[in-house]
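Keep the structure open beside the text as you read.

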Amino acid sequence: MKYSATFLVFLLPVLFGCARLDYTVIQNVDLFDGEHVHEGINVVFTDSLITAIHQKRKFNKRAQIIDGRGKTILPPLLNAHVHVREPDDLKAAQSAGIFALLDMFSTNRRASYLRSFRDSVDHALFYSSNVGATVPGGHGTQFRVQIPTLSKQLPPKQFVEERVAEGADYIKLTQEHSMAKLGLPQISALVQAAHQHNRKVVGHISTLSDGLDIARQGVDGLAHIWYRNGSIADAPVLDTFKNNETFIIPTLSVIKRLTDQGQASGFGDRYLSFEQVLAEVKKAHEALKILAGTDAPNFGMNYHDQLFEELFLLTQAGLTEIEALQASTSNIYKTFELDAFSAIEVGTPASFLLIDGKPHQQIEDLWKTKRIWKEGIEIRGG
Ligand SMILES: [Zn+2]
């Protein structure tokens, strides 16, 4: 496109003069910055960045003022356990204020396609393990999709190198007690290779004993809380996890559905009761870092407000509202070292949710009306 000289003369003062003075202030708002709550402050942003956070009351006439009384600013939320099927899933998440989905098992083809939406303002960021590590007949092989499995021809080191070459953000492995399992030396070798490539390892388990076994091999986190019958952790077990700094993505959303279905169809004795599962998460929370994840789309769960229910369920397990919000923000981006996310402070991108309510006091307020900004652009009005 060609601009005339006259047009540029008019445009230049707009670009370099007035635009600098334009900024937006959200006044008297509560801010949860990813770790702590600051009550009744002003958050100022200009273009794409947060430029001030303070108590000052007076602002330049050019400032656009938004009354923040009764409202709360939250950083972008993240969901640490999903399986993304298509780009619309990333859109659904983004529209609810969930700026990143951590996929925990995908084919390389699908993962590469979904990664191509990285720069779209409408789509949540996609991270993935790509295919998970398993053996022939192991968890992950039952879905009628051809996947590589560990064998003499495909040793753990090579498996990890192939995933890293595909762009995997972390390594997933599966250890399902009702199916063929990885050998402990295979798990240990997977962990060693993954750590050499600076990748975390997340393990699917359903029993406490499998959780312990893989933690002892150095696996960094569990993709579910243990939920099979008999899986009750005692103090020495929790100490083992604590010494390994194991993190846990309980996925209470999917486990509630599984245990409910078990009760309804007469298989209830295969699993802990949901009350027992909540008690296990409470114990885990007292010793370990908890990350929020739903395991959508299992049981038809969505990619948007199901995460709010997950945070609600975490409070039922004894986390405070603030701890539940940390489980969906700082605990995830710190654990996975996601450079795109950090606590809200001066100089960080103006990406946040403005909620009509106080979810740090009452988690159900997450469902209330919200406005969402992504790098200074309002992508959802209230
Ligand atoms: Zn899953």
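This is a predicted model: local features need pLDDT of at least 70, side-chain atom pairs count only at pLDDT 80 or more; totals for chains, interfaces and linings use all residues.

Leu-252, Ile-255, Lys-256 and Thr-259 of helix α8 meet Phe-274, Val-277 and Val-281 of helix α9. Sorted by class, the residues of this contact are five nonpolar, one polar and one charged. The crossing of α8 and α9 is right-handed.

| Helix pair | Residues | Angle between axes | Axes apart |
|---|---|---|---|
| α8 and α9 | 252-264 and 274-287 | about 155° | 10 Å |
| α6 and α7 | 208-216 and 235-244 | about 35° | 10 Å |
| α4 and α5 | 156-166 and 184-196 | about 40° | 8 Å |

How are α8 and α9 oriented to each other? With an angle of about 155° between their axes, α8 is roughly antiparallel to α9. The angle of about 40° between α4 and α5 makes those two helices oblique to each other.

Helix α4 passes α5 in a right-handed crossing. On the α4 side, the contact is made by Pro-156, Lys-157, Phe-159 and Val-160, and on the α5 side by Gln-186, Ala-189, Leu-190, Ala-193 and Ala-194. This contact has seven nonpolar residues, one polar and one charged.

For α6 and α7, the crossing is left-handed. Here Leu-208, Leu-212, Ala-215 and Arg-216 from α6 come up against Val-237, Thr-240, Phe-241 and Asn-244 from α7. The residues of this contact comprise five nonpolar, two polar and one charged.

Now for the strands. Strand β6 spans residues 77-82 and is mostly covered, with six of its six residues buried. It pairs with β7 in the parallel sense over four bridges, and Asn-79 has Leu-101 in β7 as its bridge partner. Strand β7, residues 98-103, is in turn joined to β8 by four bridges, and these two strands run parallel. Which residue of β8 is the bridge partner of Leu-101? That partner is Phe-126. Leu-101 therefore links the two pairings, with Asn-79 as one partner and Phe-126 as another, each bridge counting towards a pairing of at least two.

One last stop is Ile-372, which lies in strand β15, residues 370-374. Is Ile-372 buried or exposed? It counts as buried because it has 23 C-beta neighbours inside 10 Å, where 20 or more are needed. Setting aside neighbours within four places in sequence, Ile-372 is in contact with Gly-97, Leu-353, Ile-379 and Arg-380. Ile-372 and Pro-76 are 296 residues apart in sequence, yet their C-alpha atoms are 9.0 Å apart in space.

Methods:
Residues are numbered from 1 along each chain as its sequence is written. Axes are lines fitted to C-alpha atoms, for helices over the stretch in contact, and angles run from 0 to 180 degrees between N-to-C directions. Angles under 35 degrees count as roughly parallel, over 145 as roughly antiparallel, 65 to 115 as roughly perpendicular and the rest as oblique. A crossing is left-handed if the near helix is turned anticlockwise from the far one by less than a right angle, and right-handed if clockwise. Two residues are in contact if their C-beta atoms, placed from the backbone, lie within 7 Å. Ala, Val, Leu, Ile, Met, Phe, Trp, Tyr, Cys and Pro count as nonpolar, Asp, Glu, Lys and Arg as charged, and the others, Gly among them, as polar. A residue is buried if 20 or more other C-beta atoms lie within 10 Å of its own, exposed if 12 or fewer, and partly exposed in between; C-beta atoms are placed from the backbone.
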